Each structure stands twice: as C-alpha cells, then as structure tokens.
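This briefing covers selected local features of the structure shown below. The points are grouped by topic.

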Amino acid sequence: MQPSRRPAPSSWCYASQLGLFGAALVAIDGSKFKAVNTRDRNFTAYKVKRRIEQVAEHIAGYLQDLDTADRQEGQAAEARAGRLVEKIDRLRAQMAMLKAMEAEVEASPDSQVSLTDPDARAMATSGRGSGIVGYNVQSAVEGEHHLIVAHDVIMTGSDREQLASMAAKAKGAMGVEALDVLADRGYFSGEAILACGAMGVTPYVPKPQTSGAKAGGRFGKQDFVYQPDQDVYRCPAGALLRRHMTTVEKDMTLHRYWDRASCTGCQLKPQCTPSIERRITRWEHEAVIDALQTRMDLAPRAMRVRRRLVEHPFGTIKAWMGHTHFLMKRLPNVKTEIGLHILAYNMKRVMAVLGAKPLMEAIRA
Ligand code: SF4
C-alpha cells in the first residue's frame, strides 16, 4: 500500500506500511461525544411543544394572580401587580421566541435546532433516560494491533445505516480483499448486510429480537425453518407454509407464507398465533440473514471479541478529552478534532507495538 495514494497522511498509512494490519478483522462501534452546545440550547419539536405548554400555564397562573391583585387596594397590591406584569411580559417574550423556534424546528430537515453548534444533535445514549447533545463518532478497530483503521462523525444517534460504509472505509484503509466485521445489534440492517456481502465483507452482527410473538410467549420466527428447495417454511407443528403473496415495503420485497388449513384446529395454535393463521414474512434476500445467523451460531465469542477490541479506544480517547465536550463547533471541525485524537491514539499504539524509532523512519520515508 502506497501512502502517497491516500488523501492525507495519517497513522494508518504508516501502520500499513509497517505491516501492522495482519488480521483482516475489524470491530465497528459508535460512541456519542458531547458538543459545545448545552441541552438548553437544543430544540426538538417535542421540547418546544412542552416549553410552550409550560410557559402558557405560567402566563395563565400569573394572569389569575394579577386579577386578584387588581381587586385589592393599597401600595403592596400595586407593587405586586407591577411585578406580575413584568413577569407576564417576560413570559410573553419567551413565548414569542418559542413560537419562532417552533417554526424553525419544523423547517429543519431533522426537526431539530441547536443554537451554539448548529450541527450538534440531541441523541439518546445507553444510559437509562439519559441523552446528550453531540455527535456520534464511528470507528473501526482492527483485530491484531487494535489500531483505529477508519472513523467518521455523524449527526444521527442511530448506528443502523453505518455498517456498510464503515466496513468499506476499513477495507479500503487496510487494502484487503476480504474482511470480517464485528458489530453490535444496533448495526443490524438487512440492506447493509447484503451490501457487505457484495463488497467482500463478512459481517457478524446479532439480530435484534423484535418479534412481538416471542415477546408474548408465542413461537418466534426462528421456530419456523425455511426449506429453500421447496420455498416453504416448516412450522413447529410440522406443517408446510407456502408462499401466497408478495409486497414491497420501504423498497424491500417481502414474501408472505401461511397455510390456513393446517392452522385451523392445530393443537399448538395458542402458542403460535391469536389470528386465523400464522403468517411468516421473508425478505427476498433473507438468505444472507440466514447465513449470518449460521455464522453467529458458529462464533459464540464474536461479541466478546468485538467489545474487547472496540470499547477500549473510545474509553481512552474520552479520558484524554477530559470526559468533556468537543472544543470545536460544526461537523467538519469536529471531524478534524476527533481525527487528531485518533492519530495520537494510533501513534501511541504503533509506538507500543514497534517502538518510536521504526515509526519515525516510516514517517520520514
Ligand atoms: S398454528 Fe399453524 S403455523 Fe402455528 S404451529 Fe399450528 S399449524 Fe403451524
């Protein structure tokens, strides 16, 4: 791999040059970093609506108090009425600001406005009921020397759309033909898994348990076995559910399988469905999901390896940053800031693996 073909020199160029990318395996993860923008200076449609309701309640309360004060006489009542008028004026000004903000939030593509750093976004974090205003930093850490081979910063809290793009970045940075990628269930997306296969990437991503039937104590989809030679599902009672119809939802072609005759009078029906018959949905590319599940079953330690690889770098970088917010505002500047932290992280890793001298020689070469 020639560093000169890269857009800009960075630690992974030298790491690659030094032959440090041995294992064609990366773990991908995202972590939320705070922006220079407090929660009070971030507005979502919900927050603005709540604030408008609260301010309206306060105004109504003060107007009532003002009526009472007006009915009373004396200097104290007059002074109180004056203070109430001031408060009401302040709240009305606040209401006007909130109404303007409501229109601004509505016009924003993602229904959100941040005043200090306009690119910062409110995001949920793994902590219960907690959230930050910040950025979602994505990283791919390779398996042998734990170097960060690719990173990105995004303005959405969800990792769901990031698997294929991060895998492509990591694969390009490592210059390998095939790559195994580990990611948590937040990255699970049928389209992304399909896209990974098309570019020589083998993903290991647990499937989220979203089955309402399973949650309700009934058979989940995993209890139905697909028989590719006949294009049918075998249900827990042994009946074969045939394909009856095909629909397109969110650009995904979905086939539906059922067999009403078998379900009618089936002994297992209470454990299966409250409907007339149980229907199973199959995406046209579901074979890639089946293959993924087989891989996951054969690699029970995959998620432990993922955690070991990818969580340490984020912890280290956040500690270096003093567990505080970014220093820069706006997405391009934040990308540069985190890029420098990652460069420093990788430099330290390379020095730990090889020593400073070979690294200096590689930089000079
Ligand atoms: S209810 Fe229908 S799908 Fe469910 S186990 Fe019985 S026959 Fe199979």
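With 19 C-beta neighbours inside 10 Å, His 146 falls in the partly exposed class, because burial would take 20 or more. The model is a predicted one.

**Residues with positive phi**
- Most residues other than glycine have a negative phi.
- His 146 has a phi near 65 degrees, a positive value in a residue that is not glycine.
- The loop that holds His 146 runs between strand S5 (131-142) and strand S6 (148-154).
- Asp 231, also not a glycine, has a positive phi of about 55 degrees.
- Asp 231 sits in the loop between S9 and strand S10 (232-234).
- Asp 231 counts as exposed because 12 other C-beta atoms lie within 10 Å, and the exposed class takes in counts of 12 or fewer.

**Domains**
- The domain assignment divides the protein chain into domain 1 (3-37 + 121-208 + 295-364), domain 2 (40-114) and domain 3 (212-285).
- The centres of domain 1 and domain 3, taken over C-alpha atoms, are 38 Å apart.

**Strands S7 and S8**
- Strand S7 (residues 179-182) and S8 run parallel and are joined by four bridges.
- In this pairing, Leu 179 is opposite Val 201 of S8.
- From S7 the chain passes through helix H5 (residues 190-198) to S8, in a right-handed β-α-β crossover.
- Strand S8 (residues 201-204) has Val 201 and Pro 203 on its covered face, and Thr 202 and Tyr 204 on its uncovered face.
- Side chains in a regular strand alternate between the two faces of the sheet.

**The antiparallel sheet**
- An open sheet is formed by five strands in the order S9-S10-S11-S12-S13, with antiparallel pairing.
- Its edges are strand S9 (225-227) and strand S13 (280-283), each of which pairs on one side only.
- From one strand to the next, the twist averages 40 degrees.
- Strand S12 (residues 252-258) runs antiparallel to S13, with four bridges between them.
- His 255 is opposite Arg 282 of S13.

**Ligand shell**
- There are 13 residues around the ligand, and those that come nearest are Cys 235, Ala 237, Cys 263, Cys 266 and Cys 272.
- Helix H7 (260-263) and helix H8 (269-272) are the elements that give two or more residues to this shell.
- The shell is made up of eight nonpolar, two polar and three charged residues.

Technical notes
Residues numbered from 1 in each chain as written. Predicted model: local features only at pLDDT ≥ 70, side-chain atom pairs only at ≥ 80, totals over all residues. Domains from an automatic or database assignment. Pairing = 2+ DSSP bridges. Right-handed = clockwise from strand over helix to strand, strands pointing away. Axes fitted to C-alpha atoms, helices over the stretch in contact; angles between N-to-C directions. Near = placed C-beta within 6 Å. Nonpolar A, V, L, I, M, F, W, Y, C, P; charged D, E, K, R; others polar.
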